[in-house]
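Let's take a walk through this structure together, one piece at a time. Have the sequence and the 3D view open as you read.

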Amino acid sequence: MIAAPGTEPTTAASGAGRTEPILAVDGLRKTFGRGRKEAVAVDGISFELHEGGSLGIVGESGSGKTTTARMLIGLEQPTAGRILVDGSDLTRPARRIKDLRARGRLIQIVFQDPYTSLDRRQKVGDCLGEVVRLHFGLSGSALNGRVRELGELVGLQERQLRALPRELSGGQRQRVAIARALAAEPKILILDEAVSALDVSIQAQILNLLADIREQRGVSYVFISHDLAVIRQITDTAIVMRHGQVVEQGQTANVLDSPQDPYTRLLRDSVPHAGWQPGTVK
Amino acid sequence: MSALLEVDGLSVQLPVAGEFRTVLQDVSFSLEAGQTLGLVGESGSGKSMTVRSIARLLPPGARTTGSIRFDGASVLDLRGDALRKFRSRDVSMIFQDPRAHTNPVRKIGDFLTEAMRINGKVPPREAERRAVELLAEVGIHDGERRLKQFPHELSGGLLQRVMIAASLAVKPRLILADEPTTALDVTTQSEVMAILARLQREYGMAMLFITHDLELAAAVCDRTVVMYAGAMVEHQDSSRLHTDPLHPYSAALMQARPEIDRRVPRLPAIPGHPTSAFEAPDGCAFAPRCRFAEDACRAALPPLESMGDAAYSRCRRAAELRGHLLATAEHSGGLGDGAGVGDSAGLEEEVAR
């Protein structure tokens, strides 16, 4: 499966008529420890994401949103529940290399801090090339061409592809992390607080870039953030998590404009705005 | 009423790899007792350096010019006991990450009573009693139990309250708060800000509040300074900053931020990336990213000029652009040349490199 330039299938359009969601999570649960020390991180959550869609997961620290992400990419094994991606059961983390790679072509993740999630001794072009070679067996000029193409997709020039992570700005490093995740051509991209550490002016650039990529590639997003304004801009549907449970879900605009759950209202009212009186929102 | 804190023409250079690099240039403002001044900006803007200069916490070898006066005394000339008294009694700092500023192997009680025992020569029992009172003031009502706990046993929000309690122990006259709520959840941020506001009112403390969040600055600060590449680009009333920004950077920063109650097809991103003072080109440091920049903007750094009503801008075109800065690129009526603004998403960061 070699993606030649310009022949990318427009999955967003072709998938529009499908009723099967690309991601279906059912009764997902994760506990750590046992007996009296048992802590429930994720407490039986269910949600769906349609192909080409963008789902926001909102919540504060300890709400279980990152544990959910870790189960989706197979870093944690769920205690109960089911994860279906494009019809395949991905509930259990892959053990064999073959299964790991298959999973990598379905779902990828971008973390908050691109500096700690990139190898600081590897040139970023080599980092992208490694993923392409692993998943598609490309080499030589075909490999280089694909790396250049990935660079173009996220706005990195050849000079930057030859650089080490520390030679790039925070925004450029996050572009590398996005390109690396897209190199495996996954159906689903998980973005775990992927723009939270960026300066406001750079955050806007990356949010625009992510919107373009979704439109061009039809990749679906699971966008995890504590920032409601970012969720409003980048997602279509959203779930609000608290103490491992989903307290509210629906169209992002509805959830944020007319929150039904008191916790969602509290979250919304806690965001500083004109005439805001801190601490009076309880 | 004369100001509690007066910073005048402050410039700072730091030695990096054998040469001096400018990190702050020509910073001037004043702050009165009971008031809050916001310092807003992105990476490298110099907001933390400003606060560090005031607390005399600059790295060794730093070269400082200009003046900082606290209650009439020159802070830059303080030495020995006077400096110690200034840092321990007059000003307190609250940092972004409370975990990085507490000793993980010492209990909360040790942390809170240390200053009282050493600086105030308060007996241990008495210090503990006061620590419990301080915790109650920041909304922690089971103080006795908390004193026996270690930092890792407390959540980020609780630990930040402990930090605030510690900084209040000496009833300082000036609080330097460096992104004190950035690492906290929004609901916790709201509680912590409420506590700070109440204590400030009760004690009449002045506060210098660093944040990257313009909305938060507008909500909690009387006046706001917007910084870019080590210099102040705008200084005015927080409430007016949002409706009548006086510098293209402040306006662009506000527009680039997504909004909670609407989604736009494209965010008006600022091309390029924030620069530090020493990387900045000649002339206006923001010019390479500014949609209103002209050739003259690149020639010399404009001075911070008064725009009336105690409002200041460091933009050559401030008077001409006033009232037009929040218009979108298409509607700016020919004021901006609009070259490559916002739409060339992919290569935006390239512009400034």
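Before we start, a word on names: helices and strands here are DSSP runs, numbered from the N terminus, with helices being H or I runs of at least four residues and strands being E runs of at least two. Keep in mind, too, that what you're looking at is a predicted model.

A:E185 sits in the loop between α7 (170-183) and β7 (188-192) of chain A. Its phi is near 50°, which is a positive value in a residue other than glycine. Is A:E185 buried or exposed? A residue is called buried once 20 or more other C-beta atoms lie within 10 Å of its own. A:E185 has 20 such atoms within 10 Å, so it counts as buried.

Now hop over to A:D86, which lies in the loop between β4 (80-85) and β5 (88-89) of chain A. Here as well, phi is near 50°, again a positive value in a residue other than glycine. The surroundings of A:D86 come to 17 C-beta neighbours inside 10 Å, so this residue is classed as partly exposed.

Next, the sheet in chain A.

Strand β3 (residues 54-58) of chain A runs parallel to strand β9 (residues 237-242) of chain A, and four bridges join them. To find a pair of residues facing each other, look for A:I57: it stands opposite A:I239 in β9(A).

Time to switch to chain B. Taken along the principal axes, its C-alpha atoms fill a box of roughly 70 × 45 × 45 Å. How much of chain B is buried? Of its 353 residues, 47% count as buried. And if you take the contacts in chain B between residues at least 6 apart in sequence, 64% of them join residues at least 24 apart.

Chain B also comes with a domain assignment, which gives domain 1 (5-221) and domain 2 (260-352). The centres of these two domains of chain B, taken over C-alpha atoms, are 32 Å from each other. Where they touch, domain 1 of chain B puts in ten residues and domain 2 of chain B five. The domain 1 side of that contact has two nonpolar, six polar and two charged residues.

Finally, how do the two chains meet? The contact takes 38 residues from chain B and 36 residues from chain A. On the chain B side, α7 (186-203), α8 (214-220) and α10 (248-256) each supply at least two residues. Which of the elements gives the most to this side of chain B? That would be α7(B), with eight residues. Sorted by class, the side of chain B that touches chain A has 18 nonpolar, seven polar and 13 charged residues.

Terms used. Residues numbered from 1 in each chain as written. Chains lettered and ligands numbered in written order. Predicted model: local features only at pLDDT ≥ 70, side-chain atom pairs only at ≥ 80, totals over all residues. Contact = placed C-beta atoms within 7 Å. Nonpolar A, V, L, I, M, F, W, Y, C, P; charged D, E, K, R; others polar. Pairing = 2+ DSSP bridges. Domains from an automatic or database assignment. Buried ≥ 20, exposed ≤ 12 C-beta atoms within 10 Å, placed from the backbone.
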